[in-house]
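Subject: Structure for you to look at

Hello,

Here is the structure I promised to pass on. Please open it beside this message and follow along.

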Amino acid sequence: MSSLPLFKASDQDDAMSEKQQQPQEAHGHDETLRQPYALGVRPGQPSQRERRSRWVLVGFVVLAILAGIHLSSPHGLTGCLHAPFRSHSSHHGHHGHHGHHHGHGHALKAKNIGGKSPSCPAQPDPIEPETKVDWTEERKKHSAELHAQAVQHATQSYDDNGEPGEDPRWEPFHDFLDWWRDAFPTAVERANIEMINTLGILATFEGSEPDLKPLVLMSHYDVTPAPENTWDRWTYPPFSGHNDGTYIWGRGAADDKSLFVAEWEAVTYLLEPGWTPRRTLILSHGFDEEEVHARRGQGHIAPFLEERYGKDSLLMVVDEGSGLQDDFFGAPFALPAMGEKGYLDVRISVGTDGGHSSMPPKHTGIGILSEIVVALEKQPFPVKLTERSPFLTTLACGAAYAPKFPKEWKKLLKQGPKGWEKLGKGLAAKDKMHAALLHTTQAVDVFHGGAKVNSLPELSEVEINYRIDFDESVESTQKHIEKIAHKIAKEHDLKLDAWPQNATTASGKVTLSMIGKALEPAPNTPAHGGIWDTFAGTVRAVFQPPKGKELIVAPFATTGNTDCKMYYNLTKNVYRFMGLRMDDIYGIHTIDEHSSIKGHRDIVDFMHALIQNADAYDGKE
């Protein structure tokens, strides 16, 4: 899962005065840039949400780009911006015309604030689904029970897992599958279920019109481990699925079993009254999303689908991701992640001669490797805020629609690329969450060297994680590392072996090698056209804002990666969006993970509506 740095209206009220710290010289300096603090937290103060761990998806965040370029009246195109929809009857007697505007919210043209500011995408009319979930008290109770039961299965995935069928740690996954089949009998019986690589779930509900591109809903059912030596720190045991009346507690309650259960609930509530799909619906569930380099789950499922349907064969993919914020600088915003940063793990090895510590060289291998690490950290990747960055569109939407969006930021947005660069540098200097959105990050995480205190190290190694900026690439990241490492290696008369196919280590050599597979930054999901209108129109229908306010759907993105990274060949329409408000989930990947029961029902409502609206969509695919 990915974490989501969001903003509050109060951020503006906490803007820096000139007496407060300005961006460091390395990040640039601009006297006009007063910097609101993210989440209303000043430097040095731990955020309450940080302590609870924040939400979506494993260390991550933020957005896609696009849309028109005209500054327009917000009320001009009511009815023109709709994707075409087919009016048809369900098997249980309801009739309706999808795409009809039902009174809460209006279509809004693509909008910017003038000058050279980028535009916020057009906002379609809310698209009401033909039917909605009837939340009786009995159904509410059963929904919470299903959510809790899913959490009670300790489907923990580890970075060193063996293959399914070989490693006994997969056994709880089989128990979970038995529970799933019993919990959703109507949907399981109707679907064509294929188990991919033993534990991957591919459930296909064949549509009556096979020429239509399928809709894919994703989630994963593995969870990060909850080490037993931390259990005494949990309010409720991590696999209890405790229901306190407001939250379900336990590992996976938020990431990602709530989404898994909600998807199957939504399908069940559609099928029970007799609904049949016109467009094929696919539910796809991996089992190793939390493993950094694993490709056993969606790494097998996505190629299987590509072989079956071909490239660019899916209407859209919806996976775990970001959600909603009721107070985004004074306005309600939905922030679907429509882009992801790239990923690269690097190992740097320094081979040197061993010997007795009583006769050391001027610099041991550990010392030389330390020089490389220090040089890398002193020369960070440049801050960027360009049209490739999804965050730029998030800011554009805030400037266009949020009443408390900082005036200083608006001025810089209007200036075009030079102003965007100043804004980006100011935000990046403010805190690590903003910085993560605005450049390639580098985290030195693992260091090994030496075997004994009186013996010189013969091999010293460091492992570094990179999250690649939207405007960078795997290659540009490698070149940055190589340039710095080459300089240090030359100073010590060492050979540099950069990115060999089969890395080896030897004395007198610095080796740069990749760990696992690298991942380029994701292509940004289009924020225009009929499929965007279908998705955003559904969001605007399901999540109704306070009276008198418009819910704005603004492309966002993640700094981390989800399972949908495997699907880029299959569709350009990838939405990482769970439909939760930021206060609905806590403790992802840490102690006391818990998720709102009401928030879970919101996910069910969204999936229930999206399935119907995508099924009715008749526009360009």
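Predicted model: local features only at pLDDT ≥ 70, side-chain atom pairs only at ≥ 80, totals over all residues.

**The cores**

The largest nonpolar core has 66 residues, and the members that touch the most others in it are Trp-180, Phe-205 and Trp-264. Helix 6 (residues 257–271) is the top contributor to this core, with ten residues. Another core, of 32 residues, lies apart from the largest one; Leu-108, Val-383, Trp-409 and Ile-552 are among its members.

Next, look for an open sheet of five strands, ordered 13-14-12-16-15 with mixed pairing. Strand 13 (441–449) and strand 15 (495–498) are at the edges and have a single partner strand each, so one side of each has no neighbour in the sheet. From one strand to the next, the twist averages 15°.

Strand 13 runs antiparallel to its partner, strand 14 (residues 459–468), and eight bridges join the pair.

- Helix 8 (residues 365–378) touches strand 12 (342–351), strand 13, strand 14 and strand 16 (509–514), and its direction makes about 175° with that of strand 13.
- Helix 13 (residues 474–491) touches strand 12, strand 14, strand 15 and strand 16, and its direction makes about 170° with that of strand 16.

Best wishes

How values were computed
Residues numbered from 1 in each chain as written. Heavy atoms only, no water. Core = buried A, V, L, I, M, F, W, Y, C linked by side-chain atoms within 4.5 Å. Buried < 20%, exposed > 50% of the residue type's maximum accessible area, 1.4 Å probe, protein only. Helix = DSSP H or I, 4+ residues; strand = E, 2+ residues; numbered from the N terminus. Pairing = 2+ DSSP bridges. Axes fitted to C-alpha atoms, helices over the stretch in contact; angles between N-to-C directions. Contact = heavy atoms within 4.5 Å.
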